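Please look through the sequence and the model below before reading on. The notes after them go from single residues to the whole chain.

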Amino acid sequence: MMIAERKRMASQLKKLPGFKVFPSVTNFLLVKYPFAKELNQRFEARGIGVRNFGNAPGLENCLRISMGMREENDIWFDVAETFSDEISTQHPELDTEGMDL
C-alpha cells in the first residue's frame, strides 16, 4: 500500500511546475522546489509537518515528505497544488511540468 501511495504521490508532484522528485524506495519523497521554504511555511500553517532542509549542502530547497494514508496524502498534496498554482502565476519561468532527478 505504501509503495503504491508513494508512486501515486510522486506522479502527482511531477505534474506541478518546478517540482523535481528524487527516486525513492523509502516511506518518503524527497522533493526539490525553488520555493520550498515558502511551501513549508504553508504546510506548517495548515498543521502539516514535513522536513525542510533549508540550505543544507546538496539539499538546498528540498523537502522530505513522509507518506501517510491516501486521505492524508491528498490533504498535503492539495496544499502543494494550490501553492504551486499561486506561485506559477507569479513566476511563469518555472518548468511547466516537474521531472525526475
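## Briefing on the predicted model

Phe-22 counts as partly exposed, because its relative accessibility is 24%; buried means under 20% relative accessible area, exposed over 50%, and partly exposed in between, with a 1.4 Å probe and protein chains only. The model is predicted, so local features need pLDDT of at least 70 and side-chain atom pairs count only at pLDDT 80 or more, while totals for chains, interfaces and linings use all residues. Residues are numbered from 1 along each chain as its sequence is written, and side-chain values use heavy atoms, with hydrogens and water left out.

**Overall build**

- The protein has three helices and five strands; helices (H or I, at least four residues) and strands (E, at least two) are DSSP runs, numbered from the N terminus.
- Read from the N terminus, the order of elements is α-β-β-α-β-β-α-β.
- Along the principal axes, the C-alpha atoms fill a box of roughly 35 × 25 × 25 Å.
- Of the contacts between residues at least 6 apart in sequence, 64% join residues at least 24 apart; contact means heavy atoms within 4.5 Å.

**Surface and charge**

- Buried residues make up 38% of the 101 residues.
- The accessible surface comes to about 5800 Å², and 54% of this surface belongs to carbon and sulfur atoms. Such areas come from the Shrake-Rupley method with a 1.4 Å probe, and for residues only the protein chains shown count as cover.
- There are 13 positive and 15 negative side chains, and the centres of the two sets lie 6 Å apart. Lys and Arg count as positive and Asp and Glu as negative, while His and the chain ends are not counted. The place of a charge is taken as NZ of Lys, CZ of Arg, CG of Asp or CD of Glu.

**The nonpolar core**

- The largest nonpolar core has 25 residues, and those with the most contacts inside it are Leu-13, Leu-29, Leu-39, Phe-43 and Trp-76. A nonpolar core is a set of buried Ala, Val, Leu, Ile, Met, Phe, Trp, Tyr and Cys residues joined through side-chain atoms within 4.5 Å.
- Two or more residues of this core come from each of helix H1 (2-14), strand S2 (28-32), helix H2 (36-45), strand S4 (62-66) and helix H3 (70-90).
- Helix H3 gives the most to this core, with six residues.
- Leaving aside residues up to four places away in sequence, Trp-76 touches Met-9, Leu-13, Phe-43, Ile-48, Ile-65, Ser-66 and Met-67.

- Ser-84 is placed in helix H3.
- Ser-84 counts as buried because its relative accessible area is 0%.
- Not counting residues up to four places away in sequence, Ser-84 touches Leu-16, Pro-17, Phe-19 and Tyr-33.

**The loop between S1 and S2**

- Phe-22 is found in the loop between strand S1 (20-21) and S2.
- Phe-22 and Lys-32 are ten residues apart along the chain, and their C-alpha atoms are separated by 7.9 Å.
- Pro-23 also lies in the loop between S1 and S2, and Pro-23 is exposed, with a relative accessible area of 66%.
- The C-alpha atoms of Pro-23 and Asp-78, 55 residues apart along the chain, are separated by 22 Å.

**The loops on either side of S4**

- Asn-61 lies in the loop between strand S3 (51-52) and S4, and its relative accessibility of 31% makes Asn-61 partly exposed.
- Phi of Asn-61 is near 60°, a positive value in a residue other than glycine.
- Pro-57 is in the loop between S3 and S4 and counts as exposed at 79% relative accessibility.
- Gly-68 is found in the loop between S4 and H3 and counts as partly exposed at 26% relative accessibility.
- Gly-68 touches Glu-5 and Asn-73, not counting residues up to four places away in sequence.
- Gly-68 and Pro-57 are eleven residues apart along the chain, and 28 Å separates their C-alpha atoms.
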